[in-house]
Amino acid sequence: MRDTCKMGLIGAALLMAVGSSAWAAGPVGPNNVKFDETAVKASLTGQPGDPAAGRKTFIDKKLGNCLACHKNSEMSEQQFHGEVGTPLDGVADRWKPEELRAIVVNSKRVFGPETVMPGFYSLEVGAHVAKDFEGQTILSAQQVEDIVAYLGTLKD
């Protein structure tokens with residue numbers, strides 16, 4: 001009985017160690033994102049995105065700055081909507097969340113290397129990167145999830 005109990009405690013301790021190390025592992029790194037054709041099915045963080053935070057990142061000129069290229073009627077109070085990218089009105093009706101995640105992570109994997117849209121969670125950024133930004137992504141994994149959650153609210 002004592003051996004069974006002892007084994008149970010050891011097993012529980014192992015499960016806790018494995019579970020806590022998986023939790024401590026944090027978000028998926030940019031080099032470990034798994035693309036399935038034109039989709040990234042798994043969340044980068046394991047946490048749901050926050051649409052309100054995604055909206056803020058979408059506008060922020062130092063982060064997403066999505067509005068610089070995309071028109072978005074939901075943000076009619078904002079100035080200077082871009083026309084380089086496609087309008088994002090109804091984007092949630094055109095793309096699944098896992099497809100939107102892939103586009104935000106690395107649009108070049110979805111649209112090809114000619115697209116001007118940057119990979120926001122990619123280290124494949126091309127030449128002439130300032131030393132201060134080498135090896136960094138534009139957005140964090142959670143910011144990507146937040147933007148995907150926000151884009152999911154943009155329906156016709």
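Me: Happy to start with a helix: which residues of helix α2 are buried?

Reply: In α2, which spans residues 51–59, the buried ones are G54, T57, F58 and I59. Buried means under 20% relative accessible area, exposed means over 50%, and partly exposed is in between, with a 1.4 Å probe and protein chains only. Helices are DSSP runs of H or I with at least four residues, strands are runs of E with at least two, and both are numbered from the N terminus. Part of the cover over the buried residues of α2 comes from α5 (141–151); contact here means heavy atoms within 4.5 Å.

Me: What should I know about where these values come from?

Reply: This is a predicted model, in which local features need pLDDT of at least 70 and side-chain atom pairs count only at pLDDT 80 or more, while totals for chains, interfaces and linings use all residues. Residues are numbered from 1 along each chain as its sequence is written, and side-chain values use heavy atoms, with hydrogens and water left out.

Me: How confident is the predictor, and where is the pLDDT below 50?

Reply: pLDDT is the predictor's confidence in each residue, from 0 to 100. The chain averages 85, and 83% of the residues score at least 70. Over residues 1–24 the pLDDT is below 50, and that stretch has zero contacts in the model beyond near neighbours in sequence.

Me: What makes D50 a cap for α2?

Reply: A side-chain oxygen of D50 lies 3.0 Å from the backbone nitrogen of A52, at the N-terminal end of α2. A polar contact is a pair of N or O atoms within 3.5 Å; within protein, one must be able to donate a hydrogen and the other to accept it, and residues adjacent in sequence count only if both atoms are side-chain atoms. At 3.0 Å, the D50 pair is within that limit.

Me: Why is E145 called buried?

Reply: Because its relative accessibility is 4%, E145 counts as buried. E145 lies in helix α5, and among the residues it touches are S43, T45 and R101. A polar atom of its side chain also lies 2.8 Å from the backbone nitrogen of L44.

Me: And why is E37 called exposed?

Reply: E37 has a relative accessible area of 69%, so it counts as exposed. E37 is found in the loop between α1 (2–24) and α2. Its phi is near 60°, a positive value in a residue other than glycine.

Me: How many aromatic pairs are there, and what makes the one of W95 and F111 edge-to-face?

Reply: A search of the whole structure finds two aromatic pairs. In the pair of W95 and F111, the centres are 6.0 Å apart and the planes make an angle of 85°, which is edge-to-face. Rings of Phe, Tyr and Trp (its six-membered ring) pair if their centres lie within 6.5 Å; planes under 30 degrees apart count as stacked, over 60 as edge-to-face and the rest as tilted. W95 is in the loop between α3 and α4 (97–111), and F111 is in helix α4, 16 residues apart.

Me: Why are W95 and F111 called partly exposed?

Reply: W95 counts as partly exposed because its relative accessibility is 26%. F111 has 41%, so it counts as partly exposed too.

Terms used:
Lists of a residue's contacts leave out its neighbours within four places in sequence.
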